[in-house]
Amino acid sequence: MSDASMPPEPAHDLPAAESLAIWLEACRAAGCPERTPAEVVPLNRAVGRVTAEPVLARRSSPAYDAAAMDGIAVHAAQATAGAVLTDFVVVDTGDPMPTGYDAVVMREDVTFVDDKAEVGKAAEPGKHVRPVGEDVREGETLLPAGLRLQPWDVAAAAAAGHENLTVHQAPRVAIVPTGDEIRPLGSRLEPGDILDTNSLMLAAQAEELGCRTRILDIVPDEPPQLLAAMRDAAATSDLVLFIAGSSKGRGDHTADVVAAAGALAVHGVAVRPGHPVVLGVAGRTPVLGAPGYPVSAALTFEVFAAPMIAALMNTAPPRRAVVEARLATGLNSTESSEDWIRVQLSSDGDDLVATPLTRRAGVLTSLVRADGIVVLPAGTPGPGAGDRVPVRLLRT
């Protein structure tokens with residue numbers, strides 16, 4: 001085979017951002033769809049979805065000048081403090097303002113005597129009146145494209161005359177557990193067996209981002225079966241998560257299988273935990289080979305899968321809140337890799353204290369017990385005890 005026909009060597013041991021960029025470029029080169037198609041959904045199913053086009057107001061809200069308080073509609077010029085009025089209209093909150101009246105005096109500032117009203121506080125034009133379009137005007141852009149919809153967004157869309165919204169289809173994510181030692185949940189385990197908890201975790205992470213997920217049957221460490229499973233999953237998915245087999249052991253075939261199914265873009269990144277991750281393309285579908293250790297799998301999803309899913313919906317991945325905390329103990333950095341260190345947070349008066357947990361990638365409970373992550377860039381001096389560091393919150 002000539003050098004010109006040889007596939008390019010995959011990138012390895014690069015920082016996360018560079019590795020992600022290489023993966024995205026490989027997907028573009030392979031013709032992977034950049035976005036999921038659009039679909040129309042009713043408002044009561046739109047929360048959590050991402051708008052595929054700008055949402056324009058079909059009507060103004062409010063659609064008329066409206067009373068903003070219970071009270072009386074008045075002519076502001078006549079409603080001075082202490083004035084006794086005969087020309088007024090009793091209104092409730094939300095009522096249309098009577099023609100010619102330009103202010104509302106609140107009920108608690110009015111004393112009624114027979115058919116007259118004594119004003120306790122002066123009113124100026126527009127006082128306690130909601131003008132037409134105070135919230136949104138007809139034709140105005142209410143919501144931009146690429147917005148992940150919150151409950152108040154769909155309420156505003158309803159007020160602006162919409163019953164349905166056009167959103168991106170939920171990305172279809174296939175999760176493929178692999179390994180001779182992996183057993184389905186509920187299995188009786190023998191020594192050496194491992195329950196397939198990673199599939200459960202990764203599916204939940206994808207669903208949190210608005211994806212539709214399906215977990216395939218466990219595939220043994222046999223390259224022909226792994227290749228068939230990868231191709232089958234890729235044919236009906238927008239993203240495939242292949243679990244385990246991403247390192248360089250005797251049973252690790254994911255990198256070779258990705259290369260055979262399409263293109264291997266990255267094998268190994270300068271991130272710990274998660275170093276042996278595989279990034280590539282099967283046909284026209286992105287594939288992420290997640291390491292088998294659960295902490296590595298979870299953080300690999302956050303670093304690589306979450307941005308890919310967000311790109312498919314033309315939005316940004318969720319941003320974790322960041323707080324500053326004082327380190328309880330010093331941290332040693334890794335010369336060659338970015339370190340994601342799990343920490344627990346506690347209070348010391350008005351201060352937050354971050355206590356590092358184990359760095360072992362197989363200790364899933366370190367994520368359970370963690371309140372946040374401290375990220376140490378590669379090749380930088382580790383912060384010492386008492387130093388203040390940013391902490392990305394895992395819990396709010």
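**First stop: a loop residue**

Select N314, which counts as partly exposed at 35% relative accessibility; buried means under 20% relative accessible area, exposed over 50%, and partly exposed in between, with a 1.4 Å probe and protein chains only. N314 is found in the loop between α6 and β22 (322-327). Helices (H or I, at least four residues) and strands (E, at least two) are DSSP runs, numbered from the N terminus. The phi of N314 is near 55°, a positive value in a residue other than glycine.

The model is predicted: local features need pLDDT of at least 70 and side-chain atom pairs count only at pLDDT 80 or more, while totals for chains, interfaces and linings use all residues. Residues are numbered from 1 along each chain as its sequence is written, and side-chain values use heavy atoms, with hydrogens and water left out.

**Further backbone features**

Next, select H128 in the loop between β9 (116-119) and β10 (129-130). H128 also has a positive phi, of about 55°, although it is not a glycine. H128 is partly exposed, with a relative accessible area of 21%.

Then select P62, in the loop between β2 (55-56) and β3 (66-67). The peptide bond from S61 to P62 is cis, with omega near -5°. Move on to P273, in the loop between β19 (271-272) and β20 (278-282); the bond from R272 to P273 is likewise cis, with omega near -5°. Most residues other than glycine have a negative phi, and most peptide bonds are trans.

**The open sheet**

Display β6, β4 and β7, three strands that form an open sheet in the order β6-β4-β7 with antiparallel pairing. Two strands pair if DSSP finds at least two bridges between them. β6 (89-91) and β7 (103-106) stand at the edges, each with a single partner strand, so one side of each is left without a neighbour in the sheet. From one strand to the next, the twist averages 35°; axes are lines fitted to C-alpha atoms, for helices over the stretch in contact, and angles run from 0 to 180 degrees between N-to-C directions. Strand β4 (residues 71-74) is joined to β7 by four bridges. To locate one of these, select G71, whose bridge partner in β7 is M106.

**Strand β13 and its partners**

Select β13 (residues 172-177), where five of the six residues are buried. Four bridges pair β13 with β16 (residues 212-215) in the parallel sense, and R172 stands opposite R212 in β16. Five bridges join β13 to β17 (residues 239-243), also parallel; here V173 stands opposite L239.

**A buried alanine**

Which residues does A290 contact beyond its neighbours within four places in sequence? They are F242, I243, A244, S246 and A297, where contact means heavy atoms within 4.5 Å. A290 is in strand β21 (residues 285-290) and is buried, with a relative accessible area of 1%. The C-alpha atoms of A290 and A244 are separated by 5.8 Å, although the residues are 46 apart along the chain.

**Last stop: a helix pair**

Finally, show helix α3 (residues 197-208) with helix α6 (residues 294-312), which pack at an angle of about 20° with axes 10 Å apart. The two helices are therefore roughly parallel to each other. Angles under 35 degrees count as roughly parallel, over 145 as roughly antiparallel, 65 to 115 as roughly perpendicular and the rest as oblique. Select N198, M201, L202, Q205 and A206 in α3, which meet P294, A297, A298 and F301 in α6.
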